[in-house]
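Subject: Structure for you to look through

Hello,

Here is the structure I said I would pass on. Please open it beside this message and follow along; my notes come after it.

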Amino acid sequence: MDDMVSQAAGSQSAGLSAHQCTTLYLVLPCYNEEEVLMDTAAALEIKYNKLMEEKKISRESKIMFVNDGSKDRTWDIITELFHRNAVFCGINLSRNRGHQNAVLAGLMTAREKADVVISIDADLQQDIEAIDLMLEKYENGCDVVYGVRNTRSTDGFVKKNTALGFYKLMQMMGCEVITNHADYRLMSKRVIESLAEYGEVNLFLRGLIPTIGYPSDAVYFDVKERQAGESKYTMKKMLSFAVDGITSFSIRPLQLITILGFLMLIVSIVMVAATIYDYYTGRTVPGWASSYCSTWFIGSIQLLSLGVMGEYIGKIYMETKHRPRYHIEAYLWKDGQEKEE
């Protein structure tokens, strides 16, 4: 009975802390976002002021920009915003480490002071009005709230179908992902503390967060048109992201190789039996076509299998090195001073 009581109290910890005026940190990974950053900051500043006036979040809440090795004026703009208003703070990574590591750097830094953290893209195509619903669900006891887009009507034909195909493929491969959810989510302090215990170098947060557990829910929103600049998710990056997700969370491709090898063994036995039968019945033919096709087919299967195994071996190789996932070169904090490590 005591265990049941303690578990219930733990599941309601999010809601209890929320009633004490939640300290919310917003984490925005930025890579070459100079064209949209000022507009993004202005919209978020208005939103934060409203939330503070309504006492949904505390005055200690912050908007944290994470500069992921941008080559433009992104960090300069973040610095300007910080000196203009203390609600803004910033992290400057030593080099480009990728979207997932940039999000993680923000989460790990914000967890020391925040009750909850929401990660969102810097272009604000993800509707910030959904933040109210996220906080409401947090107050009702949810430790994780996923932002899920209603439709993909704003996407082109290719992007729409490749994105939907990505989610279906991930689910087929055994990865626990939520369709049409990117990295727009709310996480409570204890979820981020649990996330800190995961030490893998190859990050796929969309698949990792659901494995942590704790009460969760979702809110739905409509995606807005990008106001300026271009999307940083090229087809190459999306394909790389999909490969990372599959190989980080599923061994099903290796199992498929085993199944394919077994099927090829059956086919080979049938072909051998057919060849022996033709030999003894005198119907042997040169057979150059079958030899040609089978050689190419088996060779391609072997190369594909080696490639899949190579991906896993490469992941193991990187994990065994235990290299840091990012380095923070500088950060801007609420005391108004720029600090460097």
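L124 is buried, with a relative accessible area of 12%. The cut-off for buried is under 20%, so L124 falls within it. You will find L124 in the loop between β4 (116-119) and α6. Its phi is near 55 degrees, a positive value in a residue other than glycine. Please keep in mind that this is a predicted model.

K55 also has a positive phi, about 60 degrees, although K55 is not a glycine. This residue sits in the loop between α3 and β2 (62-67). Is K55 buried or exposed? K55 is exposed, because its relative accessible area is 68% and the cut-off for exposed is over 50%.

Now the protein as a whole. There are 12 helices and 9 strands. Of the 341 residues, 42% are buried. The protein exposes about 18400 Å², and carbon and sulfur atoms supply 58% of that area. Among contacts with a separation of 6 or more, 81% are between residues 24 or more positions apart.

Next, the interior. In soluble globular proteins, nonpolar side chains tend to be buried together. Here the largest nonpolar core has 40 residues, and F65 and I131 are those with the most contacts inside it. Helix α3 (residues 37-53) gives the largest share of this core, 6 residues. A second, separate core has 30 residues, including I91, V148, I192 and I209.

Which residues does F65 touch? Leaving out residues up to four places away in sequence, F65 touches L28, C30, L37, T40, A41, I78, L81, F88, C89, G90 and I91.

I131 belongs to helix α6 (residues 130-139), where the buried residues are A130, I131, D132, M134, L135 and Y138. An α-helix has 3.6 residues a turn, so residues three or four places apart point the same way. You can look for that pattern in I131, M134, L135 and Y138, which are among the buried residues of α6. After α6 comes G141, whose phi is positive, near 110 degrees.

Last, the surface. L306, M309 and I313 form a nonpolar patch there, with about 290 Å² of accessible area together. L306 is in helix α12 (residues 288-321). With a relative accessible area of 53%, L306 is exposed, because the cut-off for exposed is over 50%.

Regards

Note on methods. Residues numbered from 1 in each chain as written. Predicted model: local features only at pLDDT ≥ 70, side-chain atom pairs only at ≥ 80, totals over all residues. Heavy atoms only, no water. Buried < 20%, exposed > 50% of the residue type's maximum accessible area, 1.4 Å probe, protein only. Helix = DSSP H or I, 4+ residues; strand = E, 2+ residues; numbered from the N terminus. Patch = residues over 30% accessible without salt bridge, like charges linked within 9 Å, V, L, I, M, F, W, Y side chains within 5 Å. Areas by Shrake-Rupley, 256 points an atom, 1.4 Å probe, with all protein chains shown as cover. Salt bridge = Lys/Arg side-chain N within 4 Å of Asp/Glu carboxyl O. Contact = heavy atoms within 4.5 Å. Core = buried A, V, L, I, M, F, W, Y, C linked by side-chain atoms within 4.5 Å.
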